[in-house]
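Please have the sequence and the 3D view open beside you.

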Amino acid sequence: MSRKQTQLYGDDDLDYDEEDYDEDAYDDWDEPVAGPAVAKGSHGHKAHVKPKASPHKPAAPAAAAGASALAQALSDPPPLRPDGKPQRGGNKHLASAHHHNSYPLSPGHQQGGFEFNTPSPDDRAKAAGPAGRPTVGIPLAPSKTPTVKQQQQAAAARKAASAAEGAAAALHSQHSIDEALHDLHDLNLAAQPGDGSSVSVSSSSNGLAADAARKGSRAGGGAVAWRPLEDYCMEADLARDVDAALASEAGVGRRGLHLVVMGHVDAGKSTLMGRLLSELGQVSQKEVHKNQKESAQAGKASFSWAWVLDERPEERARGVTVDVAVARFNTRGHSITLLDAPGHRDFVPNMISGAGLADAALLLVDGSPGGFEAGFYGEGAAAGDAAAGFGGLGPDAPPGGQTQEHAQLARSLGVEQLAVVISKLDTCDYSQERFEYIRSQLLPFLKTVGFRESSVQWLPAVGPAGQNLVAPPSEPLLLRWWKGPTLVQAIDAFKPKPRNTGAPLRMPVHDVFKARQGGVCVGGKLEGGALKPGSKLLLVPGYEAAVVKSLEVNGQDHAPLALAGDSADVLLSGIDASALHAGAVLCHPEFPVHLAVKFTVQVLVLQVPLPILKGHAVTIHAHTAREAGVISALLGLCDSKTGQHRQHKPRCLLSGQTALVEVTLVRPMPLERFADVKALGRIALREGGRTVAVGVVTSINE
């Protein structure tokens with residue numbers, strides 16, 4: 001087969017022989033033949049042969065009258081051969097063109113061609129709109145992105161919910177029903193079909209209107225639309241219980257106080273607190289003798305008092321605190337929740353979770369020769385101190401101990417009251433000179449991180465010997481120069497923070513465990529609002545609903561109420577235990593906490609070996625949560641005293657600078673602006689096992 005002018009021919013079509021044709025007849029091929037075709041016979045004479053009929057091939061159209069011979073030759077093909085095949089010189093394409101289906105011309109061509117003053121076919125198709133266009137291919141699935149109308153309807157529903165809460169507040173404030181309904185009618189909202197957020201206002205059913213508005217405020221995917229905290233109004237029955245509890249507490253004169261114990265590793269924190277609990281009668285003599293016997297058998301007799309709080313096998317084997325230990329005791333003015341934080345640098349994240357719950361702190365400093373220097377300047381300072389006496393390496397030595405880091409973290413997490421306890425002075429004969437030297441070195445640093453001198457107490461104490469814990473010291477060398485308060489008196493001097501009961505519920509989850517009576521229980525500190533059995537809660541992240549089954553507040557079982565500032569163990573029902581984890585936040589179902597992915601922070605850069613650049617990977621610690629992220633933008637430098645912007649978009653951040661940065665998280669984290677809820681708006685940025693910056697959340701972007 002061969003291809004020519006897009007038509008296919010067989011070998012028989014191309015096998016022509018001149019003897020098969022009469023030249024005279026061939027010269028006259030352009031003349032129309034009216035009669036039968038003439039063919040040459042096998043003996044050379046002419047014979048009339050009737051051409052074969054071709055029922056499926058009609059006759060070719062004739063050339064126009066008066067056309068030239070060339071035009072006729074091009075338009076009218078020669079007669080077919082006797083076998084029905086075209087003669088030489090004929091064009092099979094032209095001969096068979098009239099057999100193909102013909103297609104009508106476009107309307108524009110039928111009307112005489114395209115003119116510039118008339119619309120083109122494309123213009124006419126566009127004018128017809130989508131209805132006039134044919135659907136091609138598989139139809140697309142409907143978009144899940146809300147339209148502008150749907151967004152407006154959702155905003156109207158949230159506005160209606162806010163008005164409903166305002167109307168309820170007006171009713172609780174002795175406003176008339178007509179005035180409360182007037183606030184709702186001013187919205188002039190109508191139900192929109194299909195939006196799922198209808199709002200109805202009826203003079204006979206205020207509660208139904210509020211419920212409908214609250215349902216309309218829920219967004220897709222189980223999330224709940226965020227509402228301004230200023231719109232919150234506590235439920236009437238809960239408000240009455242809170243007022244009664246506050247009045248009763250004022251009559252008793254004893255408030256709850258969360259106290260964190262922090263300091264460098266081996267500063268004697270657990271030993272001092274274990275001996276204090278024993279002096280206060282919180283530890284039985286049987287348990288004391290048991291710890292002394294078991295610690296002696298393990299070759300760690302000096303750790304017997306520390307084992308009161310260090311109960312985990314790995315803590316006793318290693319001789320260091322790993323997790324935050326919790327104990328409770330009462331003083332004359334406070335009900336203390338003691339948080340014994342780990343001092344080893346590997347467990348600083350656990351220390352942060354404990355310090356985030358604290359109202360005040362005890363900073364333990366090792367007063368033994370070389371002990372303070374190792375905790376303040378770094379581990380390498382101990383050798384220098386041995387040769388230089390109490391002078392150590394001096395203030396110009398590079399920092400590296402946990403004494404500095406713990407103090408910085410505690411202040412950044414909201415601790416404003418501090419008592420510095422200098423321990424182990426028995427190793428240097430209770431030297432007053434050593435005590436004053438440590439104070440002179442530490443006080444300037446505490447001022448730089450934000451502690452006021454009037455809010456810092458200083459006292460000596462010795463844990464194993466029990467000196468200056470509950471009673472004044474009995475050691476003559478210490479009694480000779482120390483006339484100040486005991487450790488218990490210093491704790492009593494702390495002032496509890498005001499209770500933020502007027503805010504919506506905020507309770508970061510610190511621990512999750514199984515209750516003795518069955519069910520799942522969460523522990524934490526209430527940073528806002530109040531709880532009682534039967535209260536409905538919302539867990540963020542996850543947006544899981546739950547109901548309070550029972551409460552244990554500050555060690556009291558079956559408590560009727562928990563207020564902001566209390567430490568509570570909450571037994572929950574109606575929620576899957578797998579949804580609960582440390583770092584989540586229990587909040588009011590109508591006023592959920594922000595679930596942030598990107599937010600702006602004003603930070604103070606600490607001692608960093610290298611400048612901080614855009615894209616720096618960090619770990620973000622906030623309340624009891626932590627998450628990986630990056631510093632996605634350096635927005636500007638700020639004045640450390642006034643907070644005003646000095647430089648826009650710096651190239652890097654150096655030690656000691658205050659800056660405004662944008663942080664982007666790998667996964668969402670429950671956060672609040674510092675201006676709204678302080679406890680949920682403080683963060684710390686860590687990288688490579690050290691804290692690089694601390695700050696507060698100024699805005700939540702996503």
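Which residues does L469 touch, not counting residues up to four places away in sequence? With contact taken as heavy atoms within 4.5 Å, L469 touches L272, R275, L276, A461, V462, G463, T486, L487 and V488.

Before going on, a word on the source: this is a predicted model, in which local features need pLDDT of at least 70 and side-chain atom pairs count only at pLDDT 80 or more, while totals for chains, interfaces and linings use all residues. Residues are numbered from 1 along each chain as its sequence is written, and side-chain values use heavy atoms, with hydrogens and water left out.

**The chain as a whole**

The protein chain holds 20 helices and 26 strands; these are DSSP runs numbered from the N terminus (helices H or I with at least four residues, strands E with at least two). Of its 702 residues, 43% are buried, where buried means under 20% relative accessible area, exposed over 50% and partly exposed in between (1.4 Å probe, protein chains only). Among contacts with a separation of 6 or more, 69% join residues 24 or more positions apart.

**Two buried residues**

L469 sits in the loop between β10 (456–460) and α19 (476–479), and V553 belongs to strand β15 (residues 544–553). L469 counts as buried because its relative accessibility is 1%; V553 counts as buried because its value is 7%. Leaving aside neighbours within four places in sequence, V553 is in contact with A559, L561, A562, D566, S567 and A568. Here are two C-alpha pairs that involve these residues:

| Pair | Separation in sequence | C-alpha distance |
|---|---|---|
| L469 and L280 | 189 residues | 9.6 Å |
| V553 and L563 | 10 residues | 9.0 Å |

**Helix α12**

Helix α12 (residues 285–297) has 13 residues and spans 18 Å from its first C-alpha to its last, close to the 18 Å expected at 1.5 Å a residue (that is, 1.5 Å times one less than the number of residues). V288, N291 and S295 are buried in α12. Down the helix axis, the buried residues of α12 fall within an arc of 65 degrees, so they line one face; the arc is taken from the directions from the axis to the C-beta atoms. Their cover includes α11 (269–279) and α13 (313–318). On the other side of α12, K286, H289, K293 and Q297 are exposed. G299, with a positive phi near 80 degrees, follows the helix.

On a 1 Å grid over the protein atoms alone, a cavity is a set of points where a 1.4 Å probe fits but cannot get out, whereas a pocket is an open set with protein on both sides within 12 Å along at least five of seven lines; lining residues have an atom within 4 Å of a point. Grid points are joined across faces, edges and corners, and a volume is the space filled by probe spheres set on the points.

The largest cavity has a volume of about 30 Å³, and G356, L413, H623, A679 and R682 line it.
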